[in-house]
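This briefing covers a few selected features of one protein structure. Please view the sequence and the structure first.

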Amino acid sequence: MSTETRLLLDESVSYRLPRTVIPERYKLHLVPEIEAGTFSGKVSIEVDVRSEVSEVLLNSLDLTIDTATAVDDKGKELIAKTSIDADNERVKLSFTKPLKPGRWQLAIDFAGILNDKLHGFYRSSYTDESGNKHTLAVTQCEPTDARRVFPCFDEPDFKAVFEISVVVDADAVSLSNSPVASEKVEKAIKGSDKKRSSAKKHVTFKETMKMSTYLVALVIGKLEGTEPVMVDGTPLRVWTPAGKTHLASFANDVASASLSFFNRYYGIKYPGEKLDLVAVPDFMFGAMENLGCVIFRENALLVDEKTAAHPELERVADVVAHELAHMWFGDLATMKWWNGLWLNEAFATFMEMLAIDDWHPDWRRWDTFGVSRGAAFSTDGLLSTRPIEFTVRKPEDAEGMFDVLTYEKGASVLRMLEQYLGGESFRLGIGHYLNNHKYSNTETTDLWDAIEEKSEQPVRQMMDSWIFQGGYPIIHASKEEDGQRWLLTQHRFFYLPEEKRSHVKQESVSRYHVPVMYTAAFGQKRVSGRVLLTGNSTEITLSEPADWLLLNAGGHGFYRCSYTDEDLNSLTKNLFEDLSAIERFGLLADLWASTLNGSLPLKEYFRHSLRFKEETDKNVWTVLIGAVNYLNMVVGKGQRSSLKEYVDALLTPALLLMHEGENKKRSKENNVLKDQLDGMLFGCAGILAENEKVIADAQAAYGKYKKSRTSVSPSLAAAAINVLASCGDEKQYKEFEQQFKKASTPQEEERFMYALAGFRDRSLLAGTLEKTMNGEIRTQNAPYVVRSVMLNPWGRELAWNFMKEHWSKMIKTYPEVMVPRMCEGVTGLISEDLLADVNKHFEQNNVKQGHRTVSQHMEKLAVAVYFKSREKHTLERSWLKH
C-alpha cells in the first residue's frame, strides 16, 4: 500500500465515528420556540456496545449539551462528562467507569438555535393573503446536518429506528416521517417571549422503519393539506402554506402516478406508512427525500397548470418523481458512506425519467434529457472534472457531490447501461439488488453484481471504467476503402486543446468500456448493431458497403462522436429523413463541442448549423440557441451586427413555420413541445436578433397576459417577459418589480424575479443586485439572481464587482452549498483581464464546500477566453460570409 493511499485511509478514519457503539433506536423529543428562534430537546438512544469503552463519540454541531447519562439493561446509571470538538463536529461522552458490552441507553439533554441558513433545524417565513406573517420550523439534515438538530451517530450506515415527539402550539400542524400516534393538548406554557403565551400540544409520531439520520424530518407551523388519496394502500397528501392548496393538484397527480409506477417497477411496496409532500417557502435544494415526509421548495411542488409553461410543469413532475424514487433507492437501501451518494442521486434521476415517460409519453422525456446530459458533458470535458465516485473524508466533501456529475452524468451512464442490456434485464437486476439490501447499506459494486447476475453481462467491469475515472471519450469512425469495414477509435475528450493542457500531468491514458450502438445505411435499408469498445480501437464489419454509419444510434450513449468530412457530409445529406430528433441533437452537440475545443473551426460550425435552420425539434433548437447564447457572451457588446445577422438567418425559416400553424411539418409535432419551441424561437429572435416585430408582438402579448393570465400561451408569455426585459427601461423595470412582489404562483414569481436580472441598464441591474442582499429576494434565490446578472453581457462586470464587494456577507448569509452555484456566473466574464481577476479572487478566498466546482467554473472561463482569442478573426468578420 502506498504512503498516499495510507494517508487517505487515515484521514478518512479520522472523520468517521468508531464502530464500538452502534445505535439501534432513537427516542427524540424536541420543543421548538419558533418565535424566539430556539429549541430544546432530549434524545434517548438505545445502543449496542460491542466492546468495552470509557468514551462514546457522537456527532453534534451548534448544540449546547446540558446533561448526558448512560443506563445499562439493569437500570444502573452512569453520568457522563461532555466535551465538544467543534472542528470535527463531535461531542465526547466520558465515563468514570467503562461501559461493558451489551445494551445501553444514552440520554442527552440539549438546546440549539433555529437558524436562518436553511440547514439543520431552521425557520422559514411567509405572509398569507390577509397579510399575516407565519413562521415554520423545518429540518434539512442531508448530508451531515442531523447533528445540528440532535446529538446522533450521523453517518449513513448507522441506521436505526426513530420515535419522534414534539411540543408545539396547539393550532400548529406537525409533520414527520411517520403518522401521528397521539396528540395531547397541554396547559398554556409561557415561551421565552414573556408577552406570548399559548396552549401547547404534545405530538408523538409512530416509529419509523430502520433508516439513516439524514432522513429525519420535521415541519411545524401553519400549513394546509389536501384530502388524502390512497395509492396502492398508501395515504398521499400535499401540504402547503396557508391559501395555496389550489396549486397542489398537479403534484398530487404526478405523485400518484409515480408511486404506483415504482411499486410495479421495483416489485417492492412503498416502505412507509404514509406519504406527505410538503411545500415550504425557504429550502436549500429543490426537495429532500425524507421517508414519508418529502420537503420541497414551493416552485418544485406547487403549480397552476393553466398558467405554467411546459418546462415549469416538467420541473415539478421531475422533482416529485425523483424524490419518490428515493423512497426505495436511498431510503430503503442506502449507501454505506458518502462516496456512494452519487448512486442515490443518479439512480433517482434515471428513475424520474422512466416514471414521467410512463405517465406522459407525449412529453418525450428521454429526448429532453439529452439537454440535461449536455450539462454533464460540459463539465466532464474539463481537466478539473472528477470521477463520479471519489473518496469522501470530510463533511464538505459530501456537500461537493451535489452537482451535474452526480446527477446527470450518473443518470446518463445508467441509461446507457440499461439500453445496452435491455430494459427488462436491467429492471430485474434492480429488484434483485433492493431485495438483497433493503433496510441495510451497500457499496456501488453491490448494484453492479446484482445486475450482472440477472443480465449475465460483464456489468461491473464496464461500469467501473465510467465510475472511477473522470471524463468521457470521443469515438471517431472512419471508413475503410472497401466500405464494409469501419474503424472505431477512442480518446478522451477535452475542451482545452493539447497545447493548453500540456503542463498538466496526466496520471494515465483513459480508456472506457463503451457500448457503441450504431446504424448503417444501405440505400433505403437501415441495419442496427452494437459493439463493446474496450481498447483503443475496434472494427465493425458490415455485410456490404454502407452509404453512411451513425454512431450513438438512439442518442443514449455518454460519449461524443466524430467523422471524416466525407462521411459527415454523407450522414447529413438527408438530415431530417435519416436521423431521429435525438440523433440530430447528438450530432449537432458534438459539432459544437468540437468547435469549442478547436477541432472544428468556428466557420465550419456556422456552415453546418445553417443546415438545421428548418429544424422542428425543440431539443435540437436548444443546442442551436445555446451556441448562439454562448457566442453572445463571447462577443459581449461588440460584433452585435454579425450576431444579429447570423441569428436572423438561422431563425427566419423557423419563425415562418411558427406563424404557419397549418404547415404540415409543424402540424405533426406534439402540441406541448411545439408551444415550448415557439417560445424559445420568439425569445431568441427578440433578445439576440432584436427583431422589431417580435418586440412589438411581445408588448402585445404581455398586455393580454396582464389582463388575463390564460389569454396567452404560458411559453409565449414567459418569452415575452424576457424579451421586454432585454430592451426595457425604468418604467418596464418597475412594472416587473411589482409583478414579482404580487405574483400569485411560485412560477410567476420566478419569471419576474429573473427578468429583473435580464435588463441592460446598469443602474437597473444594480437595483436587482441590491435586492439579493436586503431581503427583497429570498436567501434561497439570491445567489442564483447574482449568477444571472453575471451571465448578462450588460451586467457581468457590475455583478462581479458586487460579488467581490459583498463576499464576506454573502458567505455568512447564503447557505454554503449555494455559494459555488452563484460562482458559476464567472463563466460569463470572458476577457483576459477578468480571467486574471477571477483567479486572484479565488486564490485569496477559498470556497470550502465547493472548491472543486469553483475550479471547474474557472476552467470553463479559461476555455471561453481561449476560444475568443483563437476565433478572433472569424468573429470580427460577417459570420454568414464564412
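The model is predicted. Strand 15 (residues 218-221) is covered on both faces. Helix 7 (residues 405-421) is largely enclosed by the rest of the structure.

- Strand 10 (residues 133-140) pairs with strand 15 in the antiparallel sense, over two bridges. Ala137 stands opposite Ile220 of strand 15.
- Strand 12 (residues 173-176) also pairs with strand 15 in the antiparallel sense, over four bridges. Here Ser174 has Ile220 as its bridge partner.

**Helix 7**

- Helix 7 is made up of 17 residues and spans 23 Å from its first C-alpha to its last, close to the 24 Å expected at 1.5 Å a residue.
- Because 15 of its 17 residues are buried, helix 7 is largely enclosed by the rest of the structure.

**Val817**

- Val817 sits in the loop between helix 27 (807-813) and helix 28 (819-822).
- With a relative accessible area of 9%, Val817 is buried, because buried means under 20%.
- Apart from neighbours within four places in sequence, Val817 is in contact with Met284, Phe285 and Glu399.
- Trp621 is 196 residues from Val817 in sequence and 32 Å from Val817 in space, C-alpha to C-alpha.

Methods. Residues are numbered from 1 along each chain as its sequence is written. This is a predicted model: local features need pLDDT of at least 70, side-chain atom pairs count only at pLDDT 80 or more; totals for chains, interfaces and linings use all residues. Side-chain values use heavy atoms; hydrogens and water are left out. Buried means under 20% relative accessible area, exposed over 50%, partly exposed in between (1.4 Å probe, protein chains only). Two strands pair if DSSP finds at least two bridges between them. The expected span of a helix is 1.5 Å times one less than its number of residues. Contact means heavy atoms within 4.5 Å.
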